Every structure is written in C-alpha cells, then in structure tokens.
Amino acid sequence: MKYILYALSLLFLFTSCQPEDKYLYEVNEVDVLPVNANKSKQKTIEQFVSILHANLFQKALSADEMVEIRKVIESIGDKELAYEILISNFMNKPGVIIPPDEDMRADIDEFLVDTYKRFFVRFPTEAEKAYMRNFIEADPNVTAELVYFSFALSNEYQFY
Amino acid sequence: MKRRKFIKTTAAAAAATIGMPYILPTGRLFARTNSRLAEHVVFVLFAGGVRQQEAVGMQYLDGSQNERIPGNIMYNMLTGAPPTDKIVYGTDANLAGEIPIPKILNTTLQEQGTLFKEMRATQIGHYGGLNVALQGNTLYSQGLKQKPLNPTIFEYLRRHGGIPASKVWFVGNGIGNSVPLLNHSLHEDYGRLYAANFIAPSVTFSSIGFKHLANAKVYHPEHELDPVYKMKYFLDNNFKNAAQTIGGIGNTFEEKQDIKKFIEATFEKTANNIQIRPPVSGGGDLETIGYACEVLEWFKPTFLTVNLNNVDGCHSNFTGYLRALHRADHGVGFLWDFIQKDPVLKDNTIMIVMPECGRNLNPNPILDHNDWYGYDHSDANARRIFGMMVGPNVPSNSVIGSETNPKGHSVDIALTVADILGLKDTVANVGLVAGNSRSLFDRI
C-alpha cells in the first residue's frame, strides 16, 4: 500500500505540470497609439488659413487673401490670439457654412462625427464622442458655431 | 497632543515655505537680487544702422560727402548746433526737406541722462544686432530666419520676474527681416510661454489688417468663449504633439480679452485717424512710435521694446537716411515727452536708446538724387555705436567713453534692463549672457 502511494505521488508529480501550448495567430505585434498620433507635421500659416477657410466656407481662399492673412497673423505675437481674432472675423462674414443648432442637437453624435471628419480628418473615439456629447447636452449656450470655433483653435488642427 | 500638533503644523509650514518657490508658475525661485531703479523700462532699438559720424559725431555732410557742412540733426537727443546749410532732412516746402522739424524737448536727452558716446556693436548685421541686444549674448551661431537660440530679455523678465505677458511688449517696425521671431527664443527652459506680446502696427493696423482682423464677431466671455476654451482644452488634452511655435504665449483669459479690446479700440482710432503719432509723421518709424505710445497708454508695460529701421535706406539713398535719422530723433523726443505726460509712467520710467549697428567709414558707389554716396554696414566703423539712458537713477548730463576709449557693448542691454528691474544677478547667474556683458550702470 505504501509503495502504491509513493508511485501515485510520483505519477502526479511528473504529470501535474504540462508545457503551455503556444498559439501563433500570425498577426504582427503593434503598439497602441492615440488615433491622432500620426499627425506630426505642423501646418504653415498658409496651410492653416487655407484649410480653415475651406472648412468654414467650403471654397478655396484666393492667393492674394492668403498672403494678406499670413502677414496679419505674423504681425501678432500671440498666435492663439491672432487665430482667435481671425476666426471671429471669418464667423462674421457671409457664406460661413455651419449646421443649424437644431440639427446639431437633433443628432449630436452625427454632428460630432461630421465635425471630427471635417476638422481633424478622422473619426472621434467613443470617449471623445461621449465627452463632447455630454458637454453639448449640458450647456444650452453651446452652438454649432462655438464647437467649430473650438476645433479651429485646437492644437490638433495645427497639425497634419 | 498639543505639542504633536504644533510640530506637525510647523513642519507643514516649513515645507510649504521651502517648496513654494519651486511651484510658482512664473518660474521665480528667489527674491529679486537688487532693488528696482524704475518700475518701467522702454528700450528704443534705434535700428537700421546709424553711422556714428552723422549721429554723435554731428558731422552731417562733413564726414561723408566731402562737403564742409557739420551739424547736429538729432537735437532732441544730442546737444549741439544744427547744420546751417544744405538742409535736406526736414519737411518739404519749396525745396524738399528744407524746414527742420522743430525740437520737442527743451532739454536734450543727453543733458537729462547719460550718453555712452562710443560703444561697440558685437554684430554689424541687423538681425544679428537685434539678437545681441535682446539676448545679451554675442551668439555667432545665431542664424537668420531662426528664432533666438538663447533666452531673450523678455523671457528672463517674465520667468524670473513673474511679469505678466501683457506687461512685456515688443513693438516691431514690420514683419520683414525676421523681426517677428524675436519675441521669444527656442530655449528649452524658456520659450513661448515667457514671450513678449509682439505687434507690428504697420501691418496689424494697415488696410489688410482692417480687412481681415477689424470685423471680429464679439462673443460673450462667459456664455460663449468659456465653453469654447473648455472644449479646446479637452481637444488639446487628447493631442500630445506640441511645438514652441503654436499656441499662446501665456496671456491669461483676462489679458487676451484686454488685448482684443486694445486692438479693437486701436482699429477704431486708426479708422478715425486719431491714433497717437508724433507731430511730423507720414508712415514708417514715426507711425511705429505712435503705436508704441498707444501700447504704453493702454497697458503701462513693465518693459517695452520698440524697433525702428528707416535709416537703413542709407544703402542707396543718403538723403533719405538723413531724413530718417532726423525723424527717428523726432520720434524718440516725442516718445520721451509722451512718457513724461503719462501719470503712471512719468518719473518712473527709464528709456534706453541704442542702434543695433553702425555703418561703414567709406561709401559704396551708389549715388542718390543729391549726388551723395550711400553707406553699407560691413567694416570696423560699423561696430561704432552710441547708447543713451534717461530717467530716474540715471546720472544727468553725463558723457561716458570716447572714440579712443570706448565704453559699453551692444551686448550690455539685456543685463541693463534686468538691472533696472531688479534681476541683474538672477539673469547673470543663469549663465546664458555673454561673459563680457555688464549693466551699463556698472560702466558708469
């Protein structure tokens, strides 16, 4: 009996640890990066202004006007402030194409997807969508124009 | 128990006292190293390349065109009799420039302050010269079309003096020659967040400025701009790329609104042609000085630099150079008079004036309409410059240095400004100003 128990113990000891099976799915390992991580080149003033104009008016800016705007932006040291004034001027011009607020509030998710695509040339993540949706829903003063304004002022919009 | 509480409270207070300087957003670590000599400093970059012979030399045509007609055409700044013949530098009447512009100051700045009659410019190019003055460093590796490599005096003041962005201004003569790049360096410990507010009024308030900036939509700061900034903050948090050349320069929300109001008000004044300007104006440097006065009036800056450049026409037009030099003197006289009429700035502002470089001893072959030769800036004579200080704690009627005994360098300005505002040792101890630079007060 004693020997049988020893034999069984040895048997369990050698059979208890099995080598782990390795599965190979033939998929390369990748680092997970933010969706906007590939944007590493800063836009020039000309690129920024012409893209901004196209986004807001959906038509190209003339070459003359682009040069003029570059000059006035260069003439102010705080670029964030300069762009803010420029965007405020654009918003005051006829021809700005912005969705009506009712449409935005009727389907905020669709508005956000369109806005991210228009300004950032990408889809929003679920987290971004959730935050922005909650923000818009929580504040009745937030209009589509103000959302556009914040996107135009953002750092991501300065890069491509 | 009480004793334990006492020790705990004392330890917390001591830790806070020690830790506090390191967490100040201004980067200020220590108290000022010397007392302030004035609460405001105005630095006139009397730039464009001023030939010593026509400036403190008071030689007029005698030192340049083989015409025996000496005289002082900078009689707001310098003490000396004006030329008596061949007057071309004034305003036009029957003959171009024949009426000298009347003096603005009853007492010259030379008599009111200290004249450094013979200084040396470290660089004899415009951008290099401006960089030397603002960085306090010779920095021969500094490239054109490149932001300053070492911190500028703007950044030193903002970081170590805790001076708000809207109290530090750089008013440029334009946007050419890389001038807009000078409001901050690319130095990793300083940079954009410690920059000066730059403005080039000749562009901002020009016709294209009116076209693209003057018709800004007004947003409610609380109900509209606040959510805009909150959304922007969220978007920026989701984007980790950044660069020294984007974004704000550290103006607070309130400062930004104030600057926007200033720009709006100045557009309105310009539209009605009632902006501040010297009695004789007509564009260029004098308009720039007028707008610098607008900035002084609105913001009462701790430090303002205004850059001139019209005298650089001397390359091809000596007559135009004389006119520009005479007008630059008129502008500086007007600026000092304006400061003395402002209740906040009066008696509490030190003004420094210095060209960034001089001009050559010998002319180039280009003749103007008076058959006078032009002058470039490339030889040893172009290193000859002057400097001037006026205001509280500046010795009056004092002349320092001579042609054979130069005193002071263009590299001294940064430390001089720091000295006036109580930060001389702090700035020097950073170790990025030239080893031979001194405060001009230490040269007296």
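Analyst: Helices (H or I, at least four residues) and strands (E, at least two) are DSSP runs, numbered from the N terminus. Residues are numbered from 1 along each chain as its sequence is written, while chains are lettered from A and ligands numbered from 1 in the order in which they are written. The model is predicted, with local features needing pLDDT of at least 70, side-chain atom pairs counting only at pLDDT 80 or more, and totals for chains, interfaces and linings using all residues; side-chain values use heavy atoms, leaving out hydrogens and water.

With a relative accessible area of 0%, A:Val72 is buried (buried means under 20% relative accessible area, exposed over 50%, and partly exposed in between, with a 1.4 Å probe and protein chains only). What is A:Val72 in contact with, leaving aside its neighbours within four places in sequence? The partners are B:Val203, B:Ile208, B:Gly209, B:His212 and B:Leu213, where contact means heavy atoms within 4.5 Å. From A:Val72 to A:Ala82 there are 10 residues in sequence and 8.2 Å in space, C-alpha to C-alpha.

The packing of H3(A) against other helices comes next. Two packed helices are described by the angle between their axes and the distance between the axes. Helix H2 of chain A (residues 45-57) packs with H3(A) at an angle of about 120 degrees, the axes being 9 Å apart. Here axes are lines fitted to C-alpha atoms, for helices over the stretch in contact, and angles run from 0 to 180 degrees between N-to-C directions. This angle makes H2(A) oblique to H3(A); angles under 35 degrees count as roughly parallel, over 145 as roughly antiparallel, 65 to 115 as roughly perpendicular, and the rest as oblique. H2(A) contributes A:Ile45, A:Glu46, A:Val49 and A:Ser50 to the contact, and H3(A) contributes A:Met66, A:Ile69, A:Arg70, A:Ile73 and A:Glu74. By class, the contact of H2(A) with H3(A) has 5 nonpolar, 1 polar and 3 charged residues. In this scheme Ala, Val, Leu, Ile, Met, Phe, Trp, Tyr, Cys and Pro count as nonpolar, Asp, Glu, Lys and Arg as charged, and the others, Gly among them, as polar.

H3(A) also packs with helix H4 of chain A (residues 79-91), at about 140 degrees and with axes 9 Å apart. H3(A) and H4(A) are therefore oblique to each other. From H3(A), A:Ile69, A:Ile73 and A:Glu74 meet A:Lys79, A:Ala82, A:Tyr83, A:Leu86 and A:Phe90 of H4(A). The residues of this contact divide into 6 nonpolar, no polar and 2 charged.

Further along chain A, A:Leu112 is found in helix H6 (residues 108-120). A:Leu112 counts as buried, at 0% relative accessibility. Apart from its neighbours within four places in sequence, A:Leu112 is in contact with A:Pro124, A:Lys129, A:Met132, A:Arg133 and A:Ile136.

On the side of H8(A), the contact involves A:Leu146, A:Val147, A:Phe149, A:Ser150, A:Phe151 and A:Leu153, and on the side of H7(B), B:His223, B:Glu224, B:Pro227, B:Val228, B:Met231, B:Lys232 and B:Leu235. These residues comprise 9 nonpolar, 2 polar and 2 charged.

Within chain B, two helices are mostly covered. In helix H3 of chain B, 10 of its 10 residues are buried, and they pack against strand S1 (40-45), H4, S5, strand S6 (349-354) and H11 of chain B. Just after H3(B), B:Gly136 takes a positive phi of about 70 degrees. In helix H4 of chain B (residues 153-161), 9 of its 9 residues are buried. The buried residues of H4(B) pack against elements of chain B including helix H3 (126-135), strand S3 (168-171) and strand S5 (303-307). Just after H4(B), B:Gly162 takes a positive phi of about 65 degrees.
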